Amino acid sequence: MEDQHNGKKIVIPVAGEQVWYWFRELDCQRTGNGFGANAIGFQAIGEWSRLRGITIQQWQLDAIISMDLKRREIMARKAADKEETEQVVSDRPLSSRLFDAIFPNKRK
């Protein structure tokens, strides 16, 4: 996961290819809550496997959950890094004209 987020070519072991593709399919259907990505829950995995007609073995479920946790960890770290670099405070003093330009619907 780290390599993928860093733009490096990833190498997936042959034994894990199927689970990786399952995870990618579940990952692209992930929901969010405005504060970040939601976890891929057991209900989503169960419904996905039912729709696909797939019986997931315990180790496959554990692998999907582990990949999900790692993906959200990386996403949270990237979001925190982005917030740190983006927050710049303007040196320009706030005037009534600037306020009206920023909040045009607040005029009387």
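Reader: Which residues is Gln60 in contact with, leaving aside its neighbours within four places in sequence?

Author: Contact means heavy atoms within 4.5 Å. By that rule, Gln60 touches Gln18, Val19, Trp22 and Thr55, once its neighbours within four places in sequence are left aside. This is a predicted model, in which local features need pLDDT of at least 70 and side-chain atom pairs count only at pLDDT 80 or more, while totals for chains, interfaces and linings use all residues. Residues are numbered from 1 along each chain as its sequence is written, and side-chain values use heavy atoms, with hydrogens and water left out.

Reader: Is Gln60 buried or exposed?

Author: Buried means under 20% relative accessible area, exposed over 50%, and partly exposed in between (1.4 Å probe, protein chains only). Gln60 has 6% relative accessibility, so it counts as buried. Gln60 sits in helix H4; helices here are DSSP runs of H or I with at least four residues, numbered from the N terminus.

Reader: What does Val19 contact, leaving aside its neighbours within four places in sequence?

Author: Val19 meets Trp59, Gln60, Ala63, Ile64 and Met67.

Reader: Which residues make up the largest nonpolar core?

Author: In soluble globular proteins, nonpolar side chains tend to be buried together. A nonpolar core is a set of buried Ala, Val, Leu, Ile, Met, Phe, Trp, Tyr and Cys residues joined through side-chain atoms within 4.5 Å. The largest one here has 11 residues: Val19, Trp20, Trp22, Phe23, Leu26, Ile40, Ile45, Trp48, Leu61, Ile64 and Met67. At least two residues of this core come from each of H2, helix H3 (42–52) and helix H4 (58–86), and H2 gives the most, with 5 residues.

Reader: How many aromatic pairs are there?

Author: Rings of Phe, Tyr and Trp (its six-membered ring) pair if their centres lie within 6.5 Å; planes under 30 degrees apart count as stacked, over 60 as edge-to-face and the rest as tilted. The count comes to 3 aromatic pairs. In one of them, the ring centres of Trp20 and Phe23 are 6.0 Å apart with planes at 40°, so the pair is tilted. Trp20 and Phe23 lie 3 residues apart in helix H2 (residues 17–27), which means about one helical turn separates them. Both Trp20 and Phe23 are buried. Phe99 and Phe103 also form a tilted pair, 4.9 Å centre to centre with 45° between the planes.

Reader: Why does Phe99 count as partly exposed?

Author: Phe99 counts as partly exposed because its relative accessibility is 33%. Phe103 is partly exposed too, at 39% relative accessible area. Phe99 is found in helix H5 (residues 96–102).
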